[in-house]
Structure formats: structure tokens, C-alpha cells
Amino acid sequence: LMLRADYELTVPEVQLLSSRDALAAFFARMGYDTNARLQQTPAAMGLATDSLKSAIQHIERLASQDGGFFEVYLFELKSVTMAATQAIVRTFRNRPGDYMLVLTDGYDRLDFVLVERVSPEATKSQPGTGPLNSTRQVTVRPRILTVKRRDPGEVTMRVLRRFSYTEADTFAQYDKLISAYDIADWSEPFFNNRALFSDYYLTRRLPNEPAWPGKAEAPAMTRAFQRLRQLYANVREEFSNQPEAVIRHKLLEPTLDGLGFKPTAGKASSSADLEPDYRLFASAPALQSEKPLAICLTYTWSRNLDGKDEQRDSETPDENPGAVVVALLDRGEADWAIVTNGKTWRLYSAKAHSRATNYYEIDLEETLALPPDKLPEAFPFFWLFFRAEAFSPKAASGLTAPATSATTINAAATFLDRLVAESERYARELGERLKEAHL
């Protein structure tokens, strides 16, 4: 089964979303079926209140997948308010299937709203289902991505690209959309930080530290960038739907080598044993040690890293990378783990508050494809975090010495350890300042 890659959406294409037909064309380019567009009325949609009916100027079904299991509706309103959004979303609670809504009051602002069902027992969404067998009904909530059409930001563009219809069925596509909205909630322009570090420290403080390229010459980073740019030049065409062994040999091992690692294979790509795919040692003699700097889990190109993936992984489809990395970190063989499907690179820490859900993530394909003027800002967020020196206590940290004795940073800490400690120190100091401000 050949699966589509995300559509390479551009800012000018988003800026053209100023009409009904333009939105329909947008969803068609993203892989949705727009051949059955249908104008609707408030009454037919079950929008009964007079105030809501008077606020709606136009309703249209833009796309319908697999006989209506997933549909996209456009709502043109006099004014997009949270009250109107919630009232519209509630009308979809008992409808079978899943829905994305586009709400606008003039096309300068577009709210892409995913209708998420929440069971009474948990907050996990239930795609494609109505009420559960419970005394309490499933509730619905809007997941909202607000797009400024004339000036969409970099995070917005990343999320919109993830809207591409690439999955084998509507249920898998819905799960992909949920993950895209999660990115919208916690992503920064050049990285996704899931509470492993402090966003403020990474975006405001780290670029002013001695380690940041530009504060000093960075020939090693330049060499790594040039090598990775070559490796990733035609990466989708070369590695989509390829077995993991091919991706390991032709992409991942050369990438790890360019980052200063000497990867030692742990298990075969087809094995489901609870072992790392690689143990990562330093290639530089000055950084070498008996203990691996990190462990590494590798997967097929663009495989789901948050659960099973039968479509992209034919050898270990039932493996949950997040669960595997937690089990391996529990063994204490290394304090850090890298998990990658070639496109996405993640860092996990054995010392994180939640080993499963706290991680730092870079879309390397996206980073390497950025315009030249963005690369000096973006690439260090990959290079500094994933190079071998970041994991070695023998390497200079490049971070300013701590300002207080309360910090847990010590001279033998690695660059990544010091980032964690500095982030915790900043969060603690911020909390103390806020507490003092309210006294």
C-alpha cells in the first residue's frame, strides 16, 4: 500500500483562502474528496435556536470521506464567537462519524475546528462513535486552530500541512488530526518541546549562551548540516515505504555518524525484543566511555511514534515506541534515548517527570528544507541537542554557570542535563516571583 506524504503547503496558498471555492480547492489538494459539495440549511443541520440561525450566513459540506465517516463543513457567520462555536459543535455530538468545521466571518480569519468526543470516563477521544454505554453521555469539545489568512505563522503552517489526508482510513486520519492539534497546543516555531525543557529558556536564554552557534565559530555544525542536507535531499521519494533495514543503513546510520556517534547495533529491525536498536557511543576518542551516551530506537520513515502503525511498519506494527523507550530507560543503561523514524527525532530522559510524555522533538526534514535565512535560527535546535557532545560529561557544556546555589547543575553534567537543570531553575524562580507579586 503506497501512502501519501504530507502536502507541501506554502504560505501563498494559505493567503489565497478567501472564498468557498478556494477552501474546497485547498482540501482537494490536501487529499480530501470534494466531489460531493452540498449546501445545507441551519434547520437541516439541527441548529434550532433563533440566535444561532440568524448568525449563520452560509453552511456547506466541502468534503466527505468513505461514505460520510469523516466530513468537512464550512460555516460563514456574521461573527465567530466562542459561544457560536460551542453551540455549532454540540450539534455534532450524536451524529455518526467525525467532523472538521471551518468557521469564518470574512475570510481574514479562519477557525479550523475539529470536533473531539470525550468519554465520561476519560479525556481520550473516541473517533467515529456516538454515546457510550454509560449513564453519562459522551461530550464534545472544539479543538481550534485559528489561522490568520494573510500572515499564517510557522507553527500554523506546520499544523496545516499535517491536515493532509495520508492515512489508510478515516479512523487513522482522525487520530493524525488529533496529534496535529496537539502540536498546535505546545509547539514552537523550530521545535516541539513536550515539557522536557523550558520553552522560555530554549527560545530566549539559550541563543545568548556561549554554546549557541554565532557566539563562536561552529565548523562542526556547518559540516554536519552540509552532510545532512545531502542525505535528506530526496528523502521522501527514496525512503517512503522502504523497510527499516534500508532506512537504517542508508539514512539513520550516516546521520548518527554525522552527529559524532559510533552506533552499535542492538537488535535486528524485524525483532520485537525489548532491546535498543542501537547503543550510541562517541566516535571522538576524547568523549569515549564504556557506558553508551544514549540508546536509540529506529523505525520506518514517518512511522507513528505514539502507538501502533500497521500501514508504515510491516515488521513491528504492534510496537508502541513510547512504551518501549520507557521500559528501556527503566533499565538504567543510559540516561537519554533518541527515538526516530527518520523524519522526526525525539529526545527522552530517564530523569523526566513523565518518561513517556515528556520529550523534545524536531522535524529534521522540515528543518533542513527551511529557507536559508531561517536556518541559522532553526538548525542549532537540532544540532546542539542531538550531537554526541550533548550527551557526554566530558564535553564542555557551553552554558553559563548557574547564578544560584539552589540549582542541581554540577560540573560533570552533560549539556542536556544542564539544560534540564537550568529549565527547572527558571521555572522555580518564575514561580517564586509570581508568588511574591501576589503577596
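**Cores, sheet and helix packing in the predicted model**

Phe386 lies in helix 14; helices here are DSSP runs of H or I with at least four residues, strands are E runs of at least two, and both are numbered from the N terminus. This is a predicted model, with local features needing pLDDT of at least 70 and side-chain atom pairs counting only at pLDDT 80 or more, while totals for chains, interfaces and linings use all residues. Residues are numbered from 1 along each chain as its sequence is written, and side-chain values use heavy atoms, with hydrogens and water left out.

Back to Phe386: its relative accessible area is 0%, so this residue is buried (under 20% relative accessible area, with exposed meaning over 50% and partly exposed in between, using a 1.4 Å probe and protein chains only). Setting aside neighbours within four places in sequence, Phe386 is in contact (heavy atoms within 4.5 Å) with Leu259, Phe261, Ile338, Trp345, Arg346, Leu347, Tyr360, Ile362 and Phe391. Its C-alpha atom sits 9.8 Å from that of Ile362, 24 residues away along the chain.

As for the chain as a whole, 15 helices and 13 strands make up its secondary structure, and 51% of its 439 residues are buried. Of the contacts between residues at least 6 apart in sequence, 58% join residues at least 24 apart.

The largest nonpolar core holds 58 residues, and Tyr360 and Phe385 have the most contacts inside it. Such a core is a set of buried Ala, Val, Leu, Ile, Met, Phe, Trp, Tyr and Cys residues joined through side-chain atoms within 4.5 Å. Helix 14 (residues 380-386) gives the most to this core, namely 6 residues. A second, separate core has 35 residues, among them Phe27, Ile178, Tyr181 and Ile183. Not counting residues up to four places away in sequence, Phe385 touches Phe197, Leu202, Leu206, Leu347, Tyr360, Pro380, Ala390, Phe391, Leu416 and Leu419.

Seen in order 7-13-12-11-10-9-8, its 7 strands form an open sheet with mixed pairing; two strands pair if DSSP finds at least two bridges between them. Strand 7 (192-194) and strand 8 (261-265) stand at the edges with a single partner strand each, so one side of each lacks a neighbour in the sheet. On average, neighbouring strands of this sheet are turned by 25 degrees against each other, direction ignored. Strand 8 pairs with strand 9 (residues 278-282) in the antiparallel sense over 5 bridges, and Leu280 in strand 9 is the bridge partner of Pro263.

Helices pack on these strands too. Helix 6 (residues 170-186) lies across strand 7 and strand 13 (359-363), at about 85 degrees to strand 7; axes are lines fitted to C-alpha atoms, for helices over the stretch in contact, and angles run from 0 to 180 degrees between N-to-C directions. Helix 10 (residues 244-258) packs on the sheet as well, touching strand 8, strand 9, strand 10 (294-298), strand 11 (336-340) and strand 12 (344-349).

Helix 5 (residues 154-162) packs with helix 6 at an angle of about 175 degrees, the axes being 9 Å apart. That makes the two helices roughly antiparallel (over 145 degrees; under 35 counts as roughly parallel, 65 to 115 as roughly perpendicular and the rest as oblique). Helix 5 brings Val155, Arg158, Val159 and Arg162 to the contact, and helix 6 brings Lys176, Leu177, Ser179, Ala180, Ile183 and Ala184.
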